[in-house]
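Hi,

Here is the structure I said I would pass on to you. Have a look at it first, and then read my notes below.

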Amino acid sequence: MFYKNGKFWMYLAGAATGLFVTTKAARKIAVNSIACGMMAKDRIDEGITNIKEDANDIYEDAKRKKAECDAAKDAAAEAAAEAAAE
């Protein structure tokens, strides 16, 4: 019984797929799908670049704020040392 043979059904599915893929409609669908995928990739890459830039800006602001806080602590420590010395 050929219909119980798995290899037969695989062959039949492959042949049907081969016939479908060679049609103009299938080619158009494949081209449109790939084009949409490429556009989505470009949008995602742009979004990732924006996120990286924003993260770098936040990091630089935090680094500047930390430097300001450290300078304020140092100034307060110097003032306290001067007050204790007098």
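Let's begin with a term you'll need throughout: a residue is called buried when its relative accessible area is under 20%, exposed when that area is over 50%, and partly exposed in between (1.4 Å probe, protein chains only). Keep in mind that this is a predicted model, where local features need pLDDT of at least 70, side-chain atom pairs count only at pLDDT 80 or more, and totals for chains, interfaces and linings use all residues. Residues are numbered from 1 along each chain as its sequence is written, and side-chain values use heavy atoms, with hydrogens and water left out.

Overall picture first. The protein chain has two helices and zero strands; both kinds of element are DSSP runs numbered from the N terminus, with helices being H or I of at least four residues and strands being E of at least two. The radius of gyration of the protein chain is 33 Å, well over the 12 Å that the globule rule gives for 86 residues, so the chain is more spread out than a compact globule. (That radius is taken over C-alpha atoms, and the globule rule is 2.2 Å times the number of residues to the power 0.38.) Along the principal axes, the C-alpha atoms fill a box of roughly 105 × 30 × 10 Å. Of the 86 residues, buried ones make up 1%.

Now for the salt bridges, meaning a side-chain nitrogen of Lys or Arg within 4 Å of a carboxyl oxygen of Asp or Glu. How many does the structure hold? There are five, and here are some of them.

Asp45 pairs with Lys41, with the closest N and O atoms 2.8 Å apart. Why are these two about one helical turn apart? Because they sit four residues apart in helix α2 (residues 24–85). Asp45 is partly exposed at 34% relative accessibility, and Lys41 is partly exposed too, at 49%.

Glu60 and Lys63 also meet in a salt bridge, at 3.9 Å from N to O. They are three residues apart in helix α2, so about one helical turn separates them. Both count as partly exposed, Glu60 at 42% and Lys63 at 44%.

Then there is Glu68, which forms a salt bridge with Arg64, the closest N and O atoms being 3.4 Å apart. This pair lies in helix α2 as well, four residues apart, about one turn of the helix. Glu68 is partly exposed at 42% relative accessibility, and Arg64 is partly exposed at 45%. Asp61 joins in here: Asp61, Arg64 and Glu68 are linked in a network of salt bridges.

Is Lys52 buried or exposed? Lys52 has its place in helix α2 and, at 56% relative accessibility, counts as exposed. From Lys52 to Glu78 it is 26 residues in sequence and 39 Å in space, C-alpha to C-alpha.

Last, the cysteines. Taking a disulfide as a pair of cysteine sulfur atoms within 2.5 Å, the count comes to zero. Cys36 is partly exposed at 47% relative accessibility, and Cys69 is partly exposed at 38%.

Cheers
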